[in-house]
Amino acid sequence: MTDRATGQVNASAADYYEQHFVPALFKHRTASLLDVAGVSPGDRVLDVGCGTGVLARDTWQHMSRSGSVVGVDLNDGMIETAGRAEPDIEWCVAPAESLPFETSHFDRVISQFALMFFSDREKALEEMWRVTKPGGRLTVAVWDGLENTPGYAAMTALDARLFGQEVADELIAPYSLGDKDELRALFAGAGIADVSITTHSGMAVFPSIKAWVALDVEGWTLGEIIGPEGHERLLAAAAEELQEFVQDDGSVAFLSPSHIISADKP
């Protein structure tokens, strides 16, 4: 798998991701996950695949900055950005498939929109389950399928037409775990048989078509594949063909549902 397919970006892209992708797609999702996770003040919490740390930071605030929060991500650029944003959280560079923590160490283990990018999803879930305390809870959010996310269904089809399916696949990867039956089978394969899955509605919102395209190119490093000329081609085509998602004020909005999977450890 390429760095792009596994969600890996460089430091400058991580900063761009934090400034633009986080408010457009992630920031408004944390409350639902924390509610399902049942995070309480004083808990010891691990955020796996934390990216630039939006979920970990909101967890820390949700707990009134009590207990402890650890954020772990394989990408050092993401962790560097996260550390600048909140130095009071412990940030750690490590793979989800080999978490550097003792067994039964955390009251709550959480992960938001990262599972689809792990190189070995089943092993990552086994590790998250291992470090969860008996009586604790594992809670994971993933995107619903591309067929239920009309904006990105249209954007990936446009990418495929302009640049080929390989480029389009870079944007399809986040939506690879939308099937609930496949999710249950994945968790069961990791030894987590009794799971609850709830689907949460939500909107993706971008300031404009130009901003949306820029985020996909600069924040998701498609620019490394298509280059500046490709960026201009994509922008021109999107401005013409994706008008159905443009609101009266020029912003872009479309349905972007997610699944939240939770399991209590006996």
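**Salt bridges across a predicted chain**

A search of the whole structure, a predicted model, finds nine salt bridges.

Start with Asp88 and Arg65. Their side chains meet in a salt bridge, N to O, at 2.6 Å. Asp88 sits in the loop between α4 (76-85) and β3 (90-93), and Arg65 in the loop between α3 (54-62) and β2 (68-73), so this pair ties together parts 23 residues apart in sequence. Arg65 is partly exposed, at 35% relative accessible area.

Next come two strands. Asp107 and Lys133 pair through their side chains at 3.5 Å, N to O. Asp107 belongs to strand β4 (residues 106-112) and Lys133 to strand β5 (residues 132-143), so the bridge links parts 26 residues apart in sequence. Lys133 is partly exposed, with 28% relative accessibility.

Then two helices. In the salt bridge between Arg161 and Glu241, the closest N and O atoms are 2.3 Å apart. Arg161 lies in helix α6 (residues 150-163) and Glu241 in helix α10 (residues 223-241), so parts 80 residues apart in sequence are tied together. Arg161 is exposed at 51% relative accessibility. Glu241 is partly exposed at 40%. Elsewhere, salt bridges with shared partners join Arg65, Glu86 and Asp88 into one network.

Now the whole chain. Its secondary structure comes to ten helices and nine strands. The radius of gyration is 18 Å, close to the 18 Å that the globule rule gives for 266 residues, so the chain is as compact as a globular protein of that length. Of the 266 residues, 58% count as buried. The chain carries 19 positive and 41 negative side chains. The centres of these two sets lie 6 Å apart.

Methods:
Residues are numbered from 1 along each chain as its sequence is written. This is a predicted model: local features need pLDDT of at least 70, side-chain atom pairs count only at pLDDT 80 or more; totals for chains, interfaces and linings use all residues. Side-chain values use heavy atoms; hydrogens and water are left out. Helices (H or I, at least four residues) and strands (E, at least two) are DSSP runs, numbered from the N terminus. The radius of gyration is taken over C-alpha atoms; the globule rule is 2.2 Å times the number of residues to the power 0.38. Buried means under 20% relative accessible area, exposed over 50%, partly exposed in between (1.4 Å probe, protein chains only). Lys and Arg count as positive and Asp and Glu as negative; His and the chain ends are not counted. The place of a charge is taken as NZ of Lys, CZ of Arg, CG of Asp or CD of Glu. A salt bridge is a side-chain nitrogen of Lys or Arg within 4 Å of a carboxyl oxygen of Asp or Glu.
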